[in-house]
Amino acid sequence: METAPKPGRDVPPKKNRLQAKKKKPRRYWEEETTLTAAGAFPGPSGNKKRNRELRHQRPKNTNFPKKSRISRKPQLPKKSRELRNPEPQRSLSGAQDPFPGPAPVPVEVAQKFCRIDKSKELPHSKSKTRRRLEVAEAEEQETSTKAALSQLLLVEEPGFLEGEDGEDTAKIRQADIVEAVDIASAAKHFDLNLRQFGPYRLNYSRTGRHLAFGGRRGHVATLDWVTKRLMCEINVMEAVRDIRFLHSEALLAVAQNRWLHIYDNQGIELHCIRRCDRVTRLEFLPFHFLLVTASETGFLTYLDVSVGKIVAALNARAGRLDVMTENPYNAVIHLGHSNGTVSLWSPAMKEPLAKILCHRGGVRAVAVDSTGTYMATSGLDHQLKIFDLRGTFQPLNARTLPQGAGHLAFSQRGLLAAGMGDVVNIWAGQGKASPPSMEQPYLTHRLSGHVHGLHFCPFEDVLGVGHTGGITSMLVPGAAEPNFDGLESNPYRSQKQRQEWEVKALLEKIPAELICLDPRALAEVDVISLEQEKKERIERLGYDPEAKAPFQPKPKQKGRSSTASLVKRKRKVMDEEHRDKVRQSLEQQAQKQEKKAEPTRARPSALDRFLR
Amino acid sequence: MSAARAAESLLALSQQEELEDLPKDYPLSPSEDEGDIDEERKHQKLLEAISSLDGKNRCKLAERSEASLKVSEFNVTSEGSGEKLVLSDLLRPVKTSSSLAAVKKQLNRVKSKKTVELPLNKEEVEQARTPLEQEIFNLLHKNKQPVTDPLLTPVEKASLKAMSLEEAKMRRAELQRARALQSYYEARARREKKIKSKKYHKVLKKGKAKRALKEFEKLQKDNPTAALEELEKIEKARMMERMSLKHQNSGKWAKSKAIMAKYDLEARQAMQEQLARNKELTQKLQVASESEEEEGGVEEEGELLVPESVNEIQMDADGPNPWMLRNHSISTKEAEIKYPVQLPEPVAHETSGSEGEERPGAEEEILLNEFEERRSLRKKSGPNQDTEPVSRQEPKDSSSQEVLSELRVLSQKLNKENQSGKQKLSSARTVRAVQRKDPTEEEEEPLLLQRPERAQTVNELEELGKEGCFQNKDVPRSVLEGQKLERSTNNEPGAPKEKKKKEQMIDLQNLLTTKSPSVKSLAVPTTIEELEDEEERDQKQMIKEAFAGDDVIRDFLKEKREAVEASKPKDVDLTLPGWGEWGGVGLKPSAKKRRRFLIKTPEGPPRKDKNLPNVIINEKRNIHAAAHQVRVLPYPFTHHQQFERTIQTPIGSTWNTQRAFQKLTTPKVVTKPGHIIKPIKAEDVGYRSSSRSDLSVVQRNPKQLSKRHKKQLKKNSVD
């Protein structure tokens, strides 16, 4: 296992020692192995990775006549640019570099990758500390420019429906869309007529390639929905409440009437988890490998599927739980309750992290968008509200629906789908980061049965709807993210790649106890225990080691170091310190008074003296 | 000595009890609560007796107001007789001494003998000499007045003859009892007068008013003339009120309350109550029009009927639960009884009488409501969505004309049915309608008085309810109602005062207020039920939701308050009760001591959800996550914020390019397995300049070389 960076080929032979040292940390074996190392390790492993990523990058989005793609081929970011010399250089062939100099870095793009929060004023720091801070900032600058340079250029754009001069996009029917799009995209719209086994719940795998659905009357099936290849189809002979893929499409969790069962992609029952009984809703946290179950008995259970251990079983104390969703940003679970509140849970805390009063009636459905910024809730009071989750939890938008929405789902790009009776409405926002505006639905679709499950397919402009009459796969232009990360979730991955990914994902598994409302809070110092430890240390030592040492006059010669003069000198310093203190406090007081005086300054009145 | 006296008084008490048992046996015991009062008195007596045991209160002069056998020598007064009490009277022996008995007997015997004749004849005495005397005698004879002896008149004699001894005794007992009863009542009245509780008196007054009202109603049935007199009395009271400034918030009390009203909800309430009372008292009593008149002036009645329906809506809006607004169209009679007019208008009054009658016939009401609903619908479709006064002025509008005729027919039907029973007393009914307002106030009152600290909550709830009504506006049917609602809220007298309170809750208001766009969905979900059916169901569900929702908000606020309380740091009380002073049950350590030993914990930082009324954010520390956090500040940093800034940039490959990741994670020292590391020689350290190639440890960055090292390097280069 070699983790050390490999020395590049272009390391100049060291002539001036100091210069060479400045450029790179020198290694003690370098003098002998410079040449051999260069030969042994042909290049940085990163290159390989990126190549692979790009290889898997394929145009995959459904395209519609409204916006045609000019170029499908994403340009490769030129890696060589980083290494290019400043002055124009003639190559062997004699051609001149048409773009001399370092590649320009778009500032706003680089800004996106800056993570140091400079808004806070720092307390005065010593020069040494300041140096460290400067180093940190320089590092950030460097990494952010590097990230900006390696950004994908000319990425896939999301498709969208745009009405011609005031045409309502909601009037466009699925049949129209299917007619207009290419055959490959048209094939993504289909209906599965499964009237026999009741209302269906469905779930797409994280890559968006596989679809699992379970009918109320026990029908469970998974298929590769793009090729329509059935992977398994079984009847569990028990009511199926919910169905969910685990981290990969090979594992499938099914909430059955009594217990939670886990099947593999052949339909073979692997586990029956009896500790999770009467489960109504399932949710999977992919980075934590946690399967979250909400049960009729009011318990929220976190099951670590990588080790098969129940991490936490929390009693929500709010009766039956049947409204649940996850926040993809911080892996917090949102539960909707019958008293109109939505509570936010993490496995580390026995109580909810937050409780939000959303509706006058009970909450029927909750959905959180992919950035974790917005939460949509619908309640028994027929309202559909959008809340801001960034600390304020205030409603941004609300709308009364004639019948209220029973199911909600956010797409990757922030489209909101709501199932009301046998109708699905989809609202769209202005862009990715904006909440859906509720004025006009973007699309509507009527189904043959009542909606029972909604799920947007990742990386495909498809909305899967499970209803009493089966499954419908709707085309929703602009729903999904057109650019996928091939290393993270690759729809076109092979089995080998999947296995590799699985191992890596397991290695990078995040511990369950790190789930908290603000994940950035983990990068902060635990001030409470810091103070506590400091206090304990002082107690243990009997003095404060960080406190300033009292002034000790230096001994002087020629009789000037008499006791009286020593005391005098000491007193001088003490007095000076005291004066400083007094000056400071006086300044502070003046400031305080100014602050106080400001509001009343406007109109002084004789009655002000009675104000408290 | 004192004990003996106490025992005596106890004895007296027991005798008293016997006496008091007496009235109970009689059938004419005045009221059922008499027994309670007796018990109270007994209890009082007992207490007195017990308290006198210690001998302190021995000389307490009790005011003698009731007939009792307990006559103490210490509280004998001469108040009743009007004479001066002389000591000699008291000193006189009660019985004559026995030595004189023999003499007395002799005297008696002499008297009974009648041997001694009076020197003058009776006749002579009676003889009238002067004409004046004759006249007088004539008169006396005519009246059968005894002339000589001031004895009994013949009538008295007859009555005496008629009354036997038993009867006399009974009569005496009766009189005695009556006197005793009177004294009890007096004592009771005095006691009650002494009660300082304002609430008690208020309740009492209201109870009296109710009783009076009931009696008045009864009187109406039995004796209409007497009722009319009563009415006149009411009219007189009104006149008095109009002349005086009694309930116009101008008195001393009212002024002081006005100052308080800004901050105190109760004071405000009281002021409003007073104003309402003024209004009520100065209300002109109107005689409801008879059915015959109605038939005569149909047009007029129609005009009047329009405002009736309008006012009903207003009533509901003013009522404590504005959620009822939506369902008022199918509201049952309770709704109207519960939420009648709060600010009675003269016009509303006339109809309120008939409204009261409507109670028995709920069907008619439902019919009426139905019509009203239809009317409002039609109005909405028509060009004018104006409010009541405008619509009143435009009865020529064809649609409204139609509605009016409908309403007219209906109202006639109603009135015919209802007025058959009691026609004359319609005027009295209006009075009842006015006074019926009181119960609602009473209903509200306990809510307010219950928990003063919860007053704010109630206010919040009201406001929530209000904005809930505004919310209803988006339901197409209730556009008109919404307008009226706004109007009615403007009418509210307390509106400007409550503004301040409202500002506090503006967030929560915003939360549940929704400025939702009008619903124009292309595909409305289909349902199997028919449209009207569903509407009805919808309505019912709405009501349910409304009530459920009300509770939801209150519960949430309560929960939040509890959470806030729980998270507050608690003060440490180190007082030792009984240390340095007396201790025991019911004894509290002194305030000074408590103050001295109370360690106040510093107030923590403000809660994150301080300004978010609809959110409870858990402030508890996540220990599990804290275990993963940094808890030590590395060397050059003195403040945690400085250090935090250096660790904010992620170094993982997930967030960085491969190059950046490698650079960020370059170890300071790298050892290669299998390579021999030579020991440090003297020249390596700098004693002798040598090739630095075999320096086994190299600093990563020349900048980070220590000062000493740099110096050495300099030296080397100099060398």
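A charge sits over a ring if NZ of Lys or CZ of Arg is within 6 Å of the ring centre and within 35 degrees of the ring normal. Keep that rule in hand for the opening stop. The model on screen is predicted.

**Charges over rings**

Select A:R493 and A:W501. A:R493 lies over the face of A:W501, 4.8 Å from the ring centre. Then select A:R274 with A:W259: here too the arginine is placed over the ring face, at 4.5 Å from the centre.

**Aromatic pairs**

Over all chains, the structure holds 8 aromatic pairs. Select A:F160 and A:Y442 to view one of them. Their ring centres are 5.1 Å apart and the planes meet at 50°, so this pair is tilted. A:F160 sits in the loop between α6 (127-149) and α7 (174-180) of chain A, and A:Y442 in the loop between β24 (423-427) and β25 (443-446) of chain A, so the pair ties together parts 282 residues apart in sequence. Colour the two by accessibility: A:F160 is partly exposed, with a relative accessible area of 22%, whereas A:Y442 counts as buried at 5%.

Go next to A:Y200 and A:F213. The ring centres of A:Y200 and A:F213 are 5.6 Å apart with the planes at 70°, so the pair is edge-to-face. A:Y200 belongs to strand β2 (residues 200-204) of chain A and A:F213 to strand β3 (residues 210-215) of chain A, 13 residues apart. Both A:Y200 and A:F213 are buried.

To finish with rings, select A:F190, A:Y204 and A:W225, which form one aromatic cluster.

**Salt bridges**

Side chains of opposite charge can pair when their charged atoms come close. The count for this model is 31 salt bridges over all chains.

Select A:K188 and A:E460. Their side chains meet in a salt bridge, 2.8 Å from N to O. A:K188 is in the loop between α8 and β1 of chain A and A:E460 in the loop between β26 (451-456) and β27 (462-467) of chain A, a separation of 272 residues. Are these two residues buried or exposed? The cut-off for buried is under 20% relative accessible area. At 10%, A:K188 counts as buried, and at 7% A:E460 counts as buried as well.

Move to A:R244 and A:E283, whose side chains form a salt bridge at 3.2 Å, N to O. A:R244 lies in strand β6 (residues 240-245) of chain A and A:E283 in strand β10 (residues 279-285) of chain A, so the bridge ties together parts 39 residues apart in sequence. A:R244 and A:E283 are both buried.

Now select A:E576 and A:R579. The closest N and O atoms of this salt bridge are 3.0 Å apart. A:E576 is partly exposed at 37% relative accessibility, and A:R579 is partly exposed at 43%.

Follow with A:R241, A:E296, A:R320 and A:D322: salt bridges with shared partners join these four into one network.

**A surface patch on chain B**

Last, switch to chain B and select B:V572, B:L574, B:F597 and B:I599. They form a nonpolar patch on the surface, with about 310 Å² of accessible area together. B:V572 counts as partly exposed, at 37% relative accessibility.

Definitions and conventions
Residues numbered from 1 in each chain as written. Chains lettered and ligands numbered in written order. Predicted model: local features only at pLDDT ≥ 70, side-chain atom pairs only at ≥ 80, totals over all residues. Heavy atoms only, no water. Patch = residues over 30% accessible without salt bridge, like charges linked within 9 Å, V, L, I, M, F, W, Y side chains within 5 Å. Areas by Shrake-Rupley, 256 points an atom, 1.4 Å probe, with all protein chains shown as cover. Buried < 20%, exposed > 50% of the residue type's maximum accessible area, 1.4 Å probe, protein only. Phe/Tyr/Trp six-rings, centres within 6.5 Å; stacked < 30°, edge-to-face > 60°. Helix = DSSP H or I, 4+ residues; strand = E, 2+ residues; numbered from the N terminus.
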